[in-house]
Amino acid sequence: MSFWENMMGFFWSDISFPLLLMVLCLTVLLAHFRREDRPSLVNTVSFFIVCLFGQFVSAVLHALEHLRAADVTHEVFVIGAGIAVIRLWGLLVFRTVLPAVKLSLPRITEDIFVIVAYVAWFMVRMRYAGLDLGSILATSAMITAVLAFAMQDTLGNILGGLALQLDNSIEVGDWIKVDDISGKVVDIRWRSTLVETRNWETVVFPNSQLMKNKFLVLGRRTDQPVQLRRWVWFSVGLDVAPTKVVGVVEASVQQTEIANVAKSPMPSCVLMDMDSKGYARYALRYWLTDLVLDDPTDAVLRWHIMTALQRAGIKLAVEEHSVHITKENEKYDEAVRQREVQLRIKTLRRVELFSQLNDAEYKGLAERLRYSPFARGNIITRQGDERSQWLYIVINGEADVFVDLPNGKRRTVRTLGHGDFFGEMGLMTGAPRSASVIAKTDVECYRIDKEVVEELLQARPGIAEEISHILVARRAELDVALQNFDATGAHKDLSQQRIEILATIKRFFSLG
């Protein structure tokens, strides 16, 4: 047998080509799906290539008839190549396949399985080489005892990490609180657990510390979604009935789709305390679904609370100070008030319903407008509501008008902006709301109540006729938008509608 045939017969076997093909396929898959692991992949493949070269060297030694050196060298590099292949399979299974099926395991679990595979492969090759495994295990036990004594703290952390995994005390993705530090568990390693806080800090907790001391797993409850109860505090004067405050706040928050606020359990407002300063302290309790966004969600809810209380005419309690007001202050305040009235009059002149008013009537109406802010997502009026007998004028922001159709679908009719008004039919006739209006952005409105218009109509009943014309036109616009005309065109003529609406207005306001 020639030198070349002898060398290749020792180096190349029946499984060499399938092994190389498998390594190539694993490398291509991992390079494509695990771009972030490419440095580790390059190191592993490089190690495999080195092991192949070592096997080639052992084949050369075998051809040169250095049989003992060739066997030892061959076995060492075969073990090394096997370790590289096991490593590639570990990367594929634990970092590509399992995450693809929504199963994310901590890195320590991957390490355990890979190390067990390493040891098993080493034992198989040693047995294949003809070594006595019993003597190897006995020697290993003695070495292990010495290392265990010298590395008590390290082993405590390792065993702590294993215990945390076995009993599922914490998992990657959990939010935990240790002393005054809270954050998200991003990795559970052999010696430590990594926790990322909201302040962009990574805290390293030794596993033994987590095993010896108590910690809180935030937002986790058996058979329940992850959500954490939060409290938003505010104070209102004792002169306002708690039932009114609770009703106003809960109605605003519970009827609004607010990001990261759970629908079950629903948010609730609770009277928590009453102090000697004349304040009642309330808390809005809600359940947070994304624990990262705690402060931003609190801020959104505070805005909803504030706008809801303002619409209801309830003032938030603030610390009071005695201030001496001079005549100059009074003049300044009066000037500010007059400017506000003029702005309101300018807004009212854009509303067709009041085009017949004189200057004095405009001023009187302007002074009785109610400022009504809405947070984004608030339902301003709801379709079918029979109690909302008032009109809104938009002064800032945008709101969407939509209707819920009989087939269960929702149709957006139009978007309201600065100067637009809505709710005129409910104000003038008491009719149920024909559409819903939701705040597309934060919206500021003026509200006109029935009592204000009633006084105006009692003084000038003739205005009702002009208003009836406008209401008919507005209803026709809505009908066109909703495509309410039937195929035969059997829709009442506008004059008949005006007569009916005028009669309804007079009946609603008790006009003669």
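What follows is a conversation about a predicted model, in questions and answers.

User: What should I know about the model, and how many helices and strands does the chain have?

Analyst: This is a predicted model, in which local features need pLDDT of at least 70 and side-chain atom pairs count only at pLDDT 80 or more, while totals for chains, interfaces and linings use all residues. Residues are numbered from 1 along each chain as its sequence is written, and side-chain values use heavy atoms, with hydrogens and water left out. The chain comes to 16 helices and 16 strands, where helices (H or I, at least four residues) and strands (E, at least two) are DSSP runs numbered from the N terminus.

User: Why is Ser 468 called buried?

Analyst: Buried means under 20% relative accessible area, exposed means over 50%, and partly exposed lies in between (1.4 Å probe, protein chains only). Ser 468 has 0% relative accessibility and therefore counts as buried. Its place is in helix 15, which covers residues 463–482, and, leaving out residues up to four places away in sequence, Ser 468 touches Arg 498, Ile 501, Leu 502 and Ile 505, contact being heavy atoms within 4.5 Å. In the chain as a whole, buried residues make up 40% of the 512 residues.

User: Which class does Val 57 fall into, and what makes it so?

Analyst: Val 57 has a relative accessible area of 33%, so it is partly exposed.

User: Why is Asp 275 placed in its accessibility class?

Analyst: The value for Asp 275 is 35% relative accessibility, and therefore Asp 275 counts as partly exposed. Asp 275 has its place in the loop between strand 7 (268–274) and strand 8, and its C-alpha is separated by 9.3 Å from that of Leu 238, which is 37 residues apart from it along the chain.

User: Why are the buried residues of helix 12 said to line one face?

Analyst: In helix 12 (residues 359–366), the buried residues are Glu 361, Tyr 362, Leu 365 and Ala 366. Seen down the axis of helix 12, they fall within an arc of 135°, so they line one face of the helix, the arc being that of the directions from the helix axis to the C-beta atoms. The face of helix 12 turned away from this buried side carries the exposed residues Asp 359 and Ala 360.

User: Which residues of helix 1 are buried, and what covers them?

Analyst: Asn 6, Met 7 and Phe 11 are the buried residues of helix 1 (residues 3–11). They cover an arc of only 125° around the axis, which puts them on the same side of helix 1. What covers these buried residues includes helix 2 and helix 3 (38–63).

User: How do you know what classes of residue make up the contact of helix 2 with helix 4?

Analyst: Leu 19, Met 22, Val 23, Leu 26, Leu 29, Leu 30 and Phe 33 in helix 2 meet Val 85, Leu 88, Trp 89, Leu 91, Leu 92 and Thr 96 in helix 4. By class, this contact has twelve nonpolar, one polar and no charged residues, with Ala, Val, Leu, Ile, Met, Phe, Trp, Tyr, Cys and Pro counting as nonpolar, Asp, Glu, Lys and Arg as charged, and the others, Gly among them, as polar.
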